[in-house]
Structures are given as C-alpha cells and as structure tokens.
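User: I am new to reading protein models, and I would like to know where the labels come from. Please go through them with me.

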Amino acid sequence: MKGMTLRAMTQAVNGIYHGNGEDYDKEITAITIDSRKVAEGGLFIAIKGERSDGHDFIGQCFEKGAACVISEKELPDEERSYIQVESSLQALKDLALLYRNNLDVKVVGITGSVGKTSTKETISSVLSEKYRVLKTLGNFNNEIGLPLTVFRLTEDDEVAVLEMGISDFGEMTRLARVAKPDYCVITNIGQCHLENLGSRDGILKAKTEIFDYLKPDGTAVLNWNDDKLSTLDKDPRITEPVFYGISGDESASKAPSVQAKDCESLGLAGSRFTLHTPEGEISVTVPAPGKHMISNALAAASVGLLLGLSLEQIRQGIESYEPVGGHGHIIQTDGMTIMDDCYNANPVSMKAGIDVLHEVEEARTVAVIGDMFELGTDETKLHYEVGQYAAQKGISVIISIGSLAKNYEEGICDVSSRGGYNGTHLYYPDLDEFLEKGIGEIRKGDAVLVKASHAMHFEKIVKKLQEQ
C-alpha cells in the first residue's frame, strides 16, 4: 500500500511504536479489522466491538503473517511489531486519511436521505465507461465501513465513488475528513433519522457538513427538485454548485443545468427521457422503475460531465445500470413480480415504492410494508400518512407488519371509511406471524412490493416468495 510504512502510520495515528527498527520503513500489504482476513505482511487493527474484542486475536494475526498490529493495550510479552494507540477506531480513520492522501484518485462522495445506494450504483456505472472505478460495497458507508472502502483502493484506481451515511450531527464531518471529496452529491433531504436530527432542517445541516471537507476546487452536485437543497446556491462553503432536476416539477423555480425532459414511464421496465445538458441533448432509457431513478440518472450525468464524459458515454452508463438486492431490485419468478426494496425505508422512499407499484396495470398489486425506524416523535403520524397514501393509490392488497405498522392500518381504515379505498388490507404484529399465517395471501400473477427498515428482516419474505 503506497506510503503506508510503519513509520508513517505511527505518526498518523499519534501512536507509540514497539518493535523491530528494521521494519519501520517497510510498506504494509493490506489493512483489516477482521482477523480472518489478515494478509501476509499486512496490518491488523484490534477493535473492541459489542460481541468480540479484536485484541483477543492479535496472536493469531501474527501467526498468519501480519507485519504489525494496532492495539489499545500494551503487549509487554510481544516481540513482534505493534503500534499502541488511545483509540483503535480513531486510528482506523487516521490511517484511511493517510492512505487517501497518498493516492492520485478523484473521490465522489454521495449522501442524502433517500437513494444513496442506487445513486452510487448509477454514478459508478456511468464513470466506468471512461475510468477505473472503485465503489462502496454493501453497507460500508459509516465510520468503519468508509475507511475500509478506502483501504481497498489501489494505485490503478482512478475514481472512488463513496457512499456516506449518517444518523447524527458530527458524523458527516468525520466521514468527510477521511473522504475529502472532489465532488459531493446530495440526493435529497427527507424524513429519516429524525430521532437524532429532529427535523428536515436538522438533516440538511448534518448532511451539508460534507462541504467542510470538499476540496477547494471541488463541486457540489445537488437535486434542484428538493426544496431544501435548492436553497444552497448561496452557501458560502461551495462555489458554483451544479444543480440537476426533472423539468416541470412545481418545486423548481428555475431550470437546473442538467435536466430530464419529456419523461415517459415504461412501467416496471423503467423510464425514458431526454437528457438536457450544457453539452447538448440525448435520449436515455433508465432500466429501473420510478421517478426517483430518473433523478439518480441526472445526478450521474452531472458527475459524468464534470469528469469529462461524452453524452454517449453517459447514456451507455445509465442504460447499463444494474440494481443491487434490497434496493428496488425487480425479481421475476414463475408468474410473480417482486420489488425487493427491503434494505431500508423512510416515508419518502416508502411512498416512492408505492408509486412504482401503482404504475403496474397488468397484475394485482400487493404492498407488504413494515416498520420504519428512527423517525422520532412523529413516527406514529408518519406511518399513518403512508398507510393513507397506499390506500389512496388504490393498491389492491396492503399487508402491514410490525408494531409501528399498525398505524399504516389505521391510515388505510381512515381512507376506507370515507369510501376512498375498497381493496384488501391485513395486519400482522410481527414477521413470524405473517410468514406462518399470511404469506398465502400473495399468489401467482401478483406484483409485490416488499419494503421496511432493514432491522425488520423482510429479506426473509423475498426469499419465501421466490420459493413459492
């Protein structure tokens, strides 16, 4: 790993080096916090977690060929090299910053309340038409995952597309200090993590902490259709932000520089629109359903233009997009269409998923929706409103699961009592009861949305439906 010598790392983490002086200026081969993944000549960072303490595996790591370990504890009987620090978690971030600074790589940082992962995937697909791209995998978007993603970079990589997720104030500052983005994309300011952030204004404040570590010549890429983000053109921390948006949206008071015009829904097959940019126009097909996916494509087009891609390269990249499991992934089984969107949920993304399901005309529509977490004091009201929304959209069958989901049912009943809904609505207090008694309500030929916060484990429903 370029520049990652024991000397440089000891200085970066403000640690105390114990060991062989002959190894002090050798570069390590890899960095990990997982003792099972220690590489010959690599560095193991011992972190104390909720279930296990990495310090208990230091001996095993040396046996596997680790060149050095980072430890919060003094190891008086250890003859091999280690660096003692006050905080291994802080050392992890300090080393990621050191390594990021050693590499000549452009960094795209992505945040927002909804759509971070699908936007990350779309941007990566576009940029891969011209560059060697490394992107965040899975949920590696927090104060542990982001540094580990940075460590995956090599000297051959040209662009890093990093997803950055937070739930409290100050977290984005710590993430951005490591990422030091050349370009930062904010998808929207929705209603998630309200438990800690309080309001959409609080979310805006927390998300825009990313500007504090945006490179001096860097660019912010912002969703003009979002009422909070559209006000940031005068934020003193950024200069000449690039705005993208869908033409004709009532919330847009003036035209953004990157627009989608003449949008046409293709149902579950996706959307078609005309991409309008300062470089010209081109027709683009997004191979995933929903208006939000058009917005993600616009974000990708904006970043692509900043990094010198042609309109044709941008089109090819958007049309090559492949959704990841749990993020709006369409699964076709024998006679059933499953919208696997069970990785996460908040009111904005839940309504977006219902909108996509509503567009289905050739099948009975079924929404299997579960609890949305971290919504703060308004969680009852927000669940109630989503239930109302699903009923108003005329979803054929609405199945609510979870303790908070009973508020979906109340919202549905409200619409139904006023004659606004005559479909079927069912409630189950927990996932196990639904899997035992209710999954038979879904039958072949249905189009099914499966969506809830990740901790509800709705991936079990997706798996069960695939087996039917």
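This is a predicted model: local features need pLDDT of at least 70, side-chain atom pairs count only at pLDDT 80 or more; totals for chains, interfaces and linings use all residues.

User: How many aromatic pairs does the structure hold?

Analyst: There are three aromatic pairs. Rings of Phe, Tyr and Trp (its six-membered ring) pair if their centres lie within 6.5 Å; planes under 30 degrees apart count as stacked, over 60 as edge-to-face and the rest as tilted.

User: Why is the pair of Tyr-17 and Tyr-24 called tilted?

Analyst: The centres of Tyr-17 and Tyr-24 are 4.6 Å apart and the planes are at 40°.

User: What makes the pair of Tyr-428 and Phe-434 edge-to-face?

Analyst: The planes of Tyr-428 and Phe-434 stand at 70°, with the centres 5.5 Å apart, so the pair is edge-to-face.

User: Are Tyr-428 and Phe-434 buried or exposed?

Analyst: Tyr-428 and Phe-434 are both buried. Buried means under 20% relative accessible area, exposed over 50%, and partly exposed in between (1.4 Å probe, protein chains only). Tyr-17 and Tyr-24 are buried too.

User: How do you know that the charged end of Lys-205 sits over the ring of Phe-169?

Analyst: The charged end of Lys-205 is 5.8 Å from the centre of the Phe-169 ring. The rule asks for NZ of Lys or CZ of Arg within 6 Å of the ring centre and within 35 degrees of the ring normal. Lys-351 likewise lies over the face of Tyr-389, at 5.6 Å from the ring centre.

User: Which residues of the lining lie nearest the centre of the second largest pocket?

Analyst: Asn-188, Lys-291, His-292, Val-348 and Ala-352 do, out of 28 lining residues. A pocket is an open set of points on a 1 Å grid over the protein atoms alone, where a 1.4 Å probe fits, with protein on both sides within 12 Å along at least five of seven lines; lining residues have an atom within 4 Å of a point.

User: What does H11 give to the lining of the second largest pocket?

Analyst: H11 gives the most, with five residues. Helices (H or I, at least four residues) are DSSP runs, numbered from the N terminus.

Terms used: Residues are numbered from 1 along each chain as its sequence is written. Side-chain values use heavy atoms; hydrogens and water are left out. Helices (H or I, at least four residues) and strands (E, at least two) are DSSP runs, numbered from the N terminus.
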